Amino acid sequence: MNKKLHPEQVRQLLNRSLTQLEQPVLVRLRDAREQALARHAERVAAPAFAWAGNWLFAATHHKSRYFAAAALLAIAVFSGGAYWHHEHDVSEVDVAILTDELPIEVYVD
Amino acid sequence: MWIKTLCLALLLQGSMAAAAPLVPWAQLGPAKQEILQPLATQWDTLPPRLQKNLLHAAKRYPKLTPEEKRRFQDKLEKWSKLTPEQRKRAREKFQAFSKVPAAEREQVKRMMHEQDAKKAETAASGVPPSAPIK
């Protein structure tokens with residue numbers, strides 16, 4: 001009785017007992033096994049999908065916000081620079097006209 | 001998101017162009033008041049945009065030569081009475097004239113001075129200018 005069983009012998013014993021089981025029992029066993037495997041797969045996949053989804057959403061969301069902010073900043077800087085440059089040019093020309101030897105009438109229609 | 005950004009940027013740009021608050025004469029400070037003295041009486045009635053341009057121009061005043069300072073103040077009133085469109089065209093003409101070669105520019109200036117001198121002489125003598133020969 002205390003004889004140590006080899007794994008191969010265990011497998012053979014189980015297979016033999018399997019052939020002796022009735023068909024409805026086998027079907028229920030197979031269903032139970034499939035359900036267990038499906039639950040296991042869900043448990044493993046769910047957190048992975050959730051994490052990937054969150055990460056993707058956050059990254060996309062964050063990225064678009066980041067690009068929008070960067071674009072807004074770039075446009076603001078460019079507009080401000082162009083506006084300042086234009087005003088500076090106008091004022092330079094105004095001073096040049098006002099200090100010119102020729103009277104204003106020469107440049108006015 | 002992009003449309004919102006674009007709208008915001010356009011709004012910002014528009015507000016920058018429009019942002020030119022009126023500066024009352026009393027708030028100019030003694031230095032600016034001295035530079036813009038010829039406009040003292042009409043300053044408060046000038047359009048904000050012109051006020052802003054003149055204030056920009058006034059910043060350069062301390063660096064001008066005495067002769068340039070005199071011309072600047074002499075022309076201020078006439079300049080402020082032009083319409084924005086006239087000032088714009090004057091700037092364009094001035095910039096175009098600046099691109100003419102220096103020798104030709106000097107020649108034009110000489111001719112203008114001669115013309116002015118003749119007008120002054122005629123006005124002083126009281127004789128009306130002769131009609132051009134056809």
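I count two residues as in contact if their C-beta atoms, placed from the backbone, lie within 7 Å. The model is predicted, so I take local features at pLDDT of at least 70 and side-chain atom pairs at pLDDT 80 or more, while totals for chains, interfaces and linings use all residues. Residues are numbered from 1 along each chain as written, and chains are lettered from A, ligands numbered from 1, in the order written.

**Entry 1: B:Trp25**

I looked up the contacts of B:Trp25. Leaving aside neighbours within four places in sequence, B:Trp25 contacts B:Ala40, B:Trp43 and B:Asp44. B:Trp25 sits in the loop between α1 (2–18) and α2 (30–35) of chain B. I take helices (H or I, at least four residues) and strands (E, at least two) as DSSP runs, numbered from the N terminus. My cut-offs, on C-beta atoms placed from the backbone, are buried at 20 or more others within 10 Å, exposed at 12 or fewer, and partly exposed in between. I also checked B:Gln37, 12 residues from B:Trp25 along the chain: their C-alpha atoms are 10.0 Å apart.

**Entry 2: the two chains**

Chain A has 2 helices and 0 strands. Chain B has 6 helices and 0 strands. Of 109 residues in chain A, 6% are buried; of 134 in chain B, 11% are. In chain B, 58% of the contacts between residues at least 6 apart in sequence join residues at least 24 apart.

**Entry 3: α3 of chain B**

I checked the length of α3 (residues 48–60) of chain B. Its 13 residues should span 18 Å at 1.5 Å a residue, and the end C-alpha atoms are 19 Å apart, which agrees. The expected span is 1.5 Å times one less than the number of residues. Which residues of α3(B) are buried? They are B:Gln51, B:Asn53, B:Leu54, B:Ala57 and B:Ala58. Down the axis of α3(B), these buried residues fall within an arc of 165°, so they line one face of the helix. The arc is taken over directions from the helix axis to the C-beta atoms.

**Entry 4: where the chains meet**

The contact takes 26 residues from chain A and 31 from chain B. The chain A side divides into 17 nonpolar, 5 polar and 4 charged residues. Not counting residues up to four places away in sequence, A:Ile104 touches A:Ile97, B:Lys75, B:Lys78, B:Trp79 and B:Ala90.

Notes: Ala, Val, Leu, Ile, Met, Phe, Trp, Tyr, Cys and Pro count as nonpolar, Asp, Glu, Lys and Arg as charged, and the others, Gly among them, as polar.
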